[in-house]
Amino acid sequence: MPPRFERVAVIGVGLIGGSLALAARTAGLFGHVVGVGRSLTNLEEALRRQVIDSYTLDPQAAVANVDLVVLSVPVRAMAPVVAQCRNALAPGALVTDVGSVKRYVLDTVEPVLPAGVRFVGAHPIAGTETSGVAGATADLFRGRRCVITPGTRCDTEAVLQVRALWEAVGMEVVEMSPDRHDSALAWVSHLPHVLAFAATRALERHLPEAAGLAGPSFASLTRVAASSAETWVDIFVANRSAIARTVEDFLATLEELRHTICQATPEELRAWLEESRGAHQRQLRASKEKS
Ligand code: NAP
């Protein structure tokens with residue numbers, strides 16, 4: 001039975017917070033939703049689209065008497081926002097987040113929570129390169145995976161409630177440690193963003209006039225370079241050691257390919273590429289399989 005939260009504060013009504021509010025309202029899981037942000041324009045748009053019922057710029061006013069707080073701001077803004085509103089959080093309230101890095105969020109948010117307030121971290125692995133509530137949709141999460149990373153400030157009921165919430169908006173939920181999440185996401189999400197930001201920059205530096213000849217392959221390699229710099233600064237900083245290791249491992253493989261292109265026979269190069277094609281097929285199957 002999915003939970004119902006009568007009063008919810010969504011702090012950061014952007015792509016992810018807005019999509020969760022829309023999906024949960026559509027499924028009847030949220031009663032009154034109060035949105036919190038920094039700019040009136042985005043919050044007014046959220047109200048107009050019926051993503052939220054009311055809004056405030058003051059996190060402390062928003063969380064009084066709520067059952068659930070969803071932190072959907074950039075990951076380094078989460079603990080400061082909780083510190084701003086901690087005195088108004090009622091004992092028994094449940095706080096969750098949607099951040100793309102889990103160890104940093106757990107280590108910074110848990111210490112600022114008041115006694116009796118429970119926290120369960122989550123990361124819905126869904127999204128696009130757009131930001132703000134304008135891109136929010138009720139079906140963003142359908143058919144995708146969500147990782148939850150329970151820490152030390154939760155009980156079984158809180159974990160079950162957060163799991164049931166994400167399942168009710170169409171996600172398959174997996175539980176893992178924050179460190180395991182961060183190492184895996186460094187490969188399958190953070191590295192692709194590093195490559196997209198670097199590839200656009202490198203083309204601009206070395207042969208900007210080639211942009212006019214770019215086709216779908218360059219467009220798909222660099223699509224996520226349109227993502228919010230504010231969001232991605234926080235992800236890169238908060239997961240910098242796992243990202244640094246991943247980039248090093250990636251560079252070693254890139255160098256091996258460069259060497260193979262330059263020095264190997266066409267047959268050896270072909271074998272290298274066939275192996276990559278096989279890995280691609282296995283990775284596609286793994287991303288579709290139920291865990
Ligand atoms: P977004 O569309 O830019 O939304 C973030 C919202 O947070 C903005 O509307 C902004 O409000 C608000 N905000 C930022 N700092 C704030 C602060 N200090 N106080 C109050 N409000 C603040 O970003 P998003 O893509 O939804 O990302 C939000 C979270 O989801 C991040 O932690 C990210 O790691 C995670 N995530 C993102 C994706 C993705 O693909 N984008 C996927 C999964 C998880 P204003 O508009 O008023 O400035």
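Student: How far does a backbone N or O atom of I16 lie from an oxygen atom of the ligand?

Tutor: That distance is 2.9 Å. A polar contact is a pair of N or O atoms within 3.5 Å; within protein, one must be able to donate a hydrogen and the other to accept it, and residues adjacent in sequence count only if both atoms are side-chain atoms. This is a predicted model, in which local features need pLDDT of at least 70 and side-chain atom pairs count only at pLDDT 80 or more, while totals for chains, interfaces and linings use all residues. Residues are numbered from 1 along each chain as its sequence is written, and side-chain values use heavy atoms, with hydrogens and water left out.

Student: Which other backbone atoms lie at such distances from the ligand?

Tutor: A backbone N or O atom of L15 is 2.9 Å from a ligand oxygen, and a polar backbone atom of V73 is 2.7 Å from one.

Student: How many residues surround the ligand?

Tutor: There are 28, the closest being R38, S39, V73, S100 and G132. A residue is near a molecule or strand if one of its heavy atoms lies within 4 Å of it.

Student: With what does R38 form a salt bridge?

Tutor: Side chains of opposite charge can pair when their charged atoms come close. A salt bridge here is a side-chain nitrogen of Lys or Arg within 4 Å of a carboxyl oxygen of Asp or Glu. R38 pairs with E230, with 2.9 Å between the closest N and O atoms. R38 sits in the loop between β2 (30-36) and α2 (40-48), and E230 in helix α9 (residues 229-238), 192 residues apart. Helices (H or I, at least four residues) and strands (E, at least two) are DSSP runs, numbered from the N terminus. The structure holds 17 salt bridges.

Student: Into which domains is the protein divided?

Tutor: Domain 1 covers 5-175 and domain 2 covers 180-288; such bounds come from an automatic or database domain assignment. The contact (heavy atoms within 4.5 Å) takes 17 residues from domain 1 and 19 residues from domain 2.

Student: What area is buried between domain 1 and domain 2?

Tutor: The size of an interface is often given as the accessible area lost when the parts come together. Here the buried area (1.4 Å probe, summed over both parts) is about 1,400 Å², and carbon and sulfur atoms give 58% of that.

Student: How many salt bridges are counted between domain 1 and domain 2?

Tutor: The count is 3.

Notes. Buried area is the accessible area (1.4 Å probe) that two parts lose on being put together, summed over both.
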